[in-house]
Amino acid sequence: MRHVVYSQPFTVGALTSLFQNTDWIRQQFRDPEGKKRLRNLFPDKNMILLFYEPSTRTRISFQMAGIHLGMSTYATENAKEFSSAIKGETIEDTMHVVCGYEPSVVVLRHYQEGAAERAAKIAEQYNVSIVNAGDGGGQHPTQALLDVYTIHTELGGVNGKIVLMGGDLKNGRTARSLAYLLSKFERVKIRFFSPPELTMKDDILEHLDEHGVDYSDSTNHRGLPDLLQEADVVYWTRFQKEREGNGADELARQFAEKYSIGREELGFMKEKSILMHPLPRVKEISPEIDEDPRSAYFRQAHYGMHVRMALLQELCKDK
Amino acid sequence: MRHVVYSQPFTVGALTSLFQNTDWIRQQFRDPEGKKRLRNLFPDKNMILLFYEPSTRTRISFQMAGIHLGMSTYATENAKEFSSAIKGETIEDTMHVVCGYEPSVVVLRHYQEGAAERAAKIAEQYNVSIVNAGDGGGQHPTQALLDVYTIHTELGGVNGKIVLMGGDLKNGRTARSLAYLLSKFERVKIRFFSPPELTMKDDILEHLDEHGVDYSDSTNHRGLPDLLQEADVVYWTRFQKEREGNGADELARQFAEKYSIGREELGFMKEKSILMHPLPRVKEISPEIDEDPRSAYFRQAHYGMHVRMALLQELCKDK
Amino acid sequence: MRHVVYSQPFTVGALTSLFQNTDWIRQQFRDPEGKKRLRNLFPDKNMILLFYEPSTRTRISFQMAGIHLGMSTYATENAKEFSSAIKGETIEDTMHVVCGYEPSVVVLRHYQEGAAERAAKIAEQYNVSIVNAGDGGGQHPTQALLDVYTIHTELGGVNGKIVLMGGDLKNGRTARSLAYLLSKFERVKIRFFSPPELTMKDDILEHLDEHGVDYSDSTNHRGLPDLLQEADVVYWTRFQKEREGNGADELARQFAEKYSIGREELGFMKEKSILMHPLPRVKEISPEIDEDPRSAYFRQAHYGMHVRMALLQELCKDK
């Protein structure tokens, strides 16, 4: 593995291997000796976080991942506003310059779809690895990987699981990516549930059709209890009001009322199931259920750092 | 000690112990061996600076404190504007996520009073320490601690000292906090001196009354020479023009003329006294007296880093 | 050497020594052992990057230079907007505070000409070194040094070289500084070529006259092929449209058409010549010639980090 630009190239075999490494990393965190072992892994490696778009959460997760592996990290948070980009520099030129500073890894967040792939092409010439931390309408592969890892580790596997995805499926990039990745596993069933205005887009549904994935798509609020009862995984998402135009306020009101998970909804869920959310949440999951063992969203965020550590380890080990 | 959220819980005993540790740290800086000793203290510890409000000075002081102790540091300066906060995330959720990244210490600067205490409640669940670096109208405890340390180290103790606080006592958080902390010591006398529009607020005066502290409150400019002559400590502050509405310009003019310390005012001060200022200063202390040994304001700023190092050492040592 | 504030004090002897150190550093990057050797040089040194003006490229170059030398680095990118500067603090006061935090080196970028020299005066009192990373209309000495180093290393020396400087010579600080430094070497010939509106300013021409440098100044587009043919170094620059008022758009159009280097222009250049550019470029050099061995602009940017490492090494070695 040289770069992490898309999540598609990860086969089930590659995912399994990545997840084993992630397990090993989590194990190291359990005692001071293990943490020290991690910190001694890459004292000579360094990572540049080049963020053309702000994303404090992703940045902090990657930077802490690097710190725990003993890497030196350098970050710039608003490369777009501040840098030579404003003078019209292409991503290719920026990469030529930055890669010459001999980083081991460049974590790139960009506002243009395809930027990470263009960056990786240049990085090839310099023995530098690119990690895509989100490129506009494009991908954010490490988010998708951590979502699958969460299911894998919390439920002991992905095959055969029933995954209910709810909330704003139209605008939520993470739900789209997860659905895509789940199609690689066997006998996974997906249940989409959203307001009629915010259903999953056709390209994903077609992809699932092509791969023979059992899925259904519901907007009927009265069916929610049954869906919750059946699910091994409930993956809930925030209404991305900022992406909707007219009528967003009214939609937000309906969303808050009918598409939220609280004590009552949790009550329908199986004992051995989990509730996930890519965070940040607003009000679509009530804090009153945070303590329930099924509420996995904070653990899910933490796994994000562990998965990123496993990826960095893979990228750095032969450098 | 698990967190530093308020300065009130520091008893005179705790302060004495903190000041001894600060002395030890300052001693280490005197030779390369000592600096190396410091840098080897916490190579496995790390610190996240989560600043929802800009404060370059506080941030740099904390981050350099961490660097000198060998800690890895990660900082984000405008968490408010950039982060998921903008999408409506609570400080509790942010702390749940961040603490799961296994930092040793989170230094928090927030715009809401009480945010640090709320953060500390979540951090409890993760073996993470919170340091309050200012929370809105609330506290900025490390500033108060460094002010008392300055008196302690420059004058060999705090008991029995006469402290003249001058300038904008209404808006200056540091003068308020210092008056509060001084009330813990014995036989301290406080003299307040300010324009009539900018006197110390009643809550602090009542607190001093309750604790039997000898204090006076003057707005009579002609009395200043006597006050300066009597004082062991002259603690001067900037007019916070940005917090006053109408009439601020005229008040600023008067302030600059009558409430400033220059060569003449310094002339009244005792030989064994010190002039302090929380900085930044504008014109209320003339640079022409910077070289005078009584001018302690830059040393005071430097002690800030040392006190913060002593606090970090205390928080990290048992982790 | 205590500070790097201006490029003028660098004699040819000092430059030669700096360039030898830079060569040594570049050599270390060729194998893992050498990189490790670099990283072990200054584990106890640290560097503060205090940027009052954004400059992602300069900042990343310096910070990576520090990281490769094993230094701890701390950076603040918008010190102007965020810091106490907004409350009216002078650069002198800021330096008094920052230097007391015991950095080894402060890299300063400021919007006021002369700020670096004022900062260095204060830093003297604290055994701290200042590196000027650009001060308003003033200097950016490390850029000038890396440009001369590029000529030195790519062509085996500077003496006797013919240097064609083209593009926007009026607004380009780097071309001005380079012309100035070149005057220190022997038998260098300089050819200026620009639109009539953007010619090199008189102060530099007078300086060259005083030092008996052979130079010419042309705005005749038809003469470009001859100039390209003769040159050992073609140093091209971007039209700084943002610094021109009315007519900038029309000028930009002409500039793009007549003052650009593409395959045709490159065809005139000697086989043993180099094409330099301070970057970022917009369209004045066509990406289609990036692969040509004469295109030295990316290497030039990389040398920037190496030269900065050599300077940091010089500043830190006796601390």
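Start with the crossing of H7(C) and H13(C): select both helices and see that the crossing is right-handed. (Right-handed means that the near helix is turned clockwise from the far one by less than a right angle; anticlockwise is left-handed.) This is a predicted model, where local features need pLDDT of at least 70 and side-chain atom pairs count only at pLDDT 80 or more. Residues are numbered from 1 along each chain, and chains are lettered from A in the order in which they are written.

To find the pair, pick residues 141-155 of chain C for H7 and residues 297-316 of chain C for H13. (Helices are DSSP runs of H or I, at least four residues, numbered from the N terminus.) Their axes are 8 Å apart, at an angle of about 115°. Axes are lines fitted to C-alpha atoms over the stretch in contact, and angles run from 0 to 180 degrees between N-to-C directions. H7(C) and H13(C) therefore count as roughly perpendicular, a label for 65 to 115 degrees.

Next, show the side chains at the contact (heavy atoms within 4.5 Å). On H7(C), the residues include Leu145(C), Leu146(C) and Tyr149(C). On H13(C), Tyr303(C), Val307(C) and Leu311(C) are among them.

Now select the cysteines. How many disulfides are there over all chains? The count is 0, with a disulfide taken as two cysteine sulfur atoms within 2.5 Å. Go to Cys316(A): the nearest cysteine sulfur, that of Cys99(A), is 14 Å away. Cys316(A) is buried, at 1% relative accessibility. (Buried means under 20% relative accessible area, with a 1.4 Å probe and protein chains only.)

Finish at Cys316(C). Its nearest cysteine sulfur belongs to Cys99(C), 14 Å away. Cys316(C) is buried too, at 1% relative accessibility.

Methods. Side-chain values use heavy atoms; hydrogens and water are left out. Helices (H or I, at least four residues) and strands (E, at least two) are DSSP runs, numbered from the N terminus. Angles under 35 degrees count as roughly parallel, over 145 as roughly antiparallel, 65 to 115 as roughly perpendicular and the rest as oblique. Buried means under 20% relative accessible area, exposed over 50%, partly exposed in between (1.4 Å probe, protein chains only).
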